[in-house]
Amino acid sequence: MNRYSILSLVRNALSHHENWQQAWRSPEPKPRYDAIVVGGGGHGLATAYYLAKNHGLTNVAVLEKGWLGGGNTGRNTTIVRSNYLWDEAAWLYDKSLRLWEGLTRDINYNVMFSQRGVFNLAHTLQDVRDTWRRVNANRLNGIDAEFVTPEQIKAMVPAINTSPDARYPILGASLQRRAGVARHDGVAWGLARAADARGVDIIQNCEVTGIRREDGRVTGVETSRGFIAAPKVGVVVAGHASVLADMAGFRLPVTSHPLQALVSEPVKPVLDSVIMSNQVHGYVSQSDKGELVIGAGIDAYQGYGQRGSFPVVEHTLAAIKELFPIFSRMRMLRQWGGIVDVTPDACPILGKTPVDGLYFNCGWGTGGFKATPGSGWAFAHTIAHDAPHELNAPFSLDRFVTGHLIDEHGAAGVAH
Amino acid sequence: MLQLECPWCGPRDEEEFTYGGEAHITRPPEPDAVSDAAWGDYLFFHTNTRGLQSEQWCHSHGCRRWFNVARDTVTYRIHRVYRMGEPRPGFDA
């Protein structure tokens, strides 16, 4: 792999950028691998990367039914933060945030991770109490968090409406300064390139149609390009997790819903942090191109159509307008939907399954992007050792039998 | 935007309704008598079909009554609306 650097940029400029090496190969699938990762989104690619880097497993294939990052990785609003309430979630997401902080250097690919700070607004007295509770819980876990007043918010975010006369006045916010945004499809490309450089085969346009098992053990996967054998299969397919679980003969406690996002026309810099509000329910940041990147909640009903319901768009923009009256005449350029797999406790399922050698990583719901490196890191450990890492052990499938849920709905389940 | 045909009020926009998830599931009559696995299955494990599935909806901003809908989760086409207590329709309609 040619390293990217200022020198390589200069060198390639001299040859009119015609000699760049392709970022990753597109090999034919081999008949057999030591491990297969199903799903070529950020989480799957991160899994393959850490399998190779941390565990020395390089005879690995990533199977993607479409193109890399064409699913939720390229459809989210790119927010990265770790200010979760409960210990288990906070540890996992902060592991991820720490990996984000070194990711660009680690994979020699600029993922444009920008720690511009995330505000989670409070609009009611109960919001304020919950926010203080979360800020204190975060601090106890060593995660940076501070409570900021409306005056402090206004000083940092001049465009926001902090008038006490607003219908839902802003009474304060939590601020995580280490949080921010990253370039989502760059993350997929960078991880693909880094995994490929370590020998991982990335196979696009290869849909898994069946999971072959013998005596309760996985033996490989049926795909649109034939059978591929492997003693270990990790499935990271977000919204389609239930479909893959069906193929393996078990059920998951997830439901799939469309989650929408939209972007505005590009404008000059007006917002240099991420603003999220559970109460009026919307979140917004400004991309480097100048577009406002806006999202909110899922469609209430289950669906696999990658488009969202119109009333959700209306509610989302009403919320954004409430926070930023200055945006009221912005025109929206694009709107799209992705399918998210939601669990009853708004936390992921990351671990072993009833089938030996088959591992599932799903249920990230509306907030999976931020977890991309941490999820891959923990999932790779789980696959390599046939046992979860202590970071993801609490996120087992059997918590829905034991009742040991990690209820993140209050702190994190709504806005991402 | 979905339009649902409430059995009592006729066609209305989706915003008037509340979604109730999987239809035709029964609460175990004696929760203390069932295993944790069976109770967990009742509480948390619901159908998530890619295609036709039966769901409960409530006309919460109208007559506030519950009913069942057989809906395709990919095309969002509504195949049939039927009342609570009626059997699950054959999905050939």
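I began with polar contacts, and the rule finds 18 residue pairs in polar contact across the interface of chain A and chain B, both residues at pLDDT 80 or more. A polar contact is a pair of N or O atoms within 3.5 Å; within protein, one must be able to donate a hydrogen and the other to accept it, and residues adjacent in sequence count only if both atoms are side-chain atoms.

I looked up which elements of chain A take part. Helices (H or I, at least four residues) and strands (E, at least two) are DSSP runs, numbered from the N terminus. I then sorted this side of chain A by class: 15 nonpolar, nine polar and two charged residues. Ala, Val, Leu, Ile, Met, Phe, Trp, Tyr, Cys and Pro count as nonpolar, Asp, Glu, Lys and Arg as charged, and the others, Gly among them, as polar.

I noted the ground rules. This is a predicted model, in which local features need pLDDT of at least 70, side-chain atom pairs count only at pLDDT 80 or more, and totals for chains, interfaces and linings use all residues. Residues are numbered from 1 along each chain as its sequence is written, chains are lettered from A and ligands numbered from 1 in the order in which they are written, and side-chain values use heavy atoms, with hydrogens and water left out.

**Entry: the two chains**

I checked the contact (heavy atoms within 4.5 Å). Chain A gives 26 residues and chain B gives 25 residues. The area buried between them is about 2,200 Å², and carbon and sulfur atoms give 53% of it. A:Arg251, A:Tyr301 and A:Gln302 supply 33% of the area that chain A buries against chain B, more than any other three residues. Buried area is the accessible area (1.4 Å probe) that two parts lose on being put together, summed over both.

How many salt bridges cross this interface? The rule finds one. A:Arg251 pairs with B:Asp41, and their closest N and O atoms are 3.1 Å apart. The rule asks for a side-chain nitrogen of Lys or Arg within 4 Å of a carboxyl oxygen of Asp or Glu.

**Entry: the two domains of chain A**

I found domain 1 (30-78 + 184-253 + 345-412) and domain 2 (115-180 + 255-341) in chain A. The bounds come from an automatic or database domain assignment. Their centres, taken over C-alpha atoms, are 29 Å apart. In chain A, 18 residues of domain 1 are in contact with 20 residues of domain 2. These domains bury about 1,400 Å² between them, 48% of it from carbon and sulfur atoms. I looked for salt bridges across this domain interface, and the rule finds zero. It does find eight residue pairs in polar contact there, both at pLDDT 80 or more.

**Entry: two loop residues**

Most residues other than glycine have a negative phi. I looked up A:Met112, which has a positive phi of about 50 degrees. A:Met112 is in the loop between helix 3 (87-107) and strand 4 (118-122) of chain A. A:Met112 is partly exposed, at 33% relative accessible area. Buried means under 20% relative accessible area, exposed over 50%, partly exposed in between (1.4 Å probe, protein chains only).

A:Asn205 also has a positive phi, near 55 degrees. A:Asn205 is exposed, with a relative accessible area of 56%.
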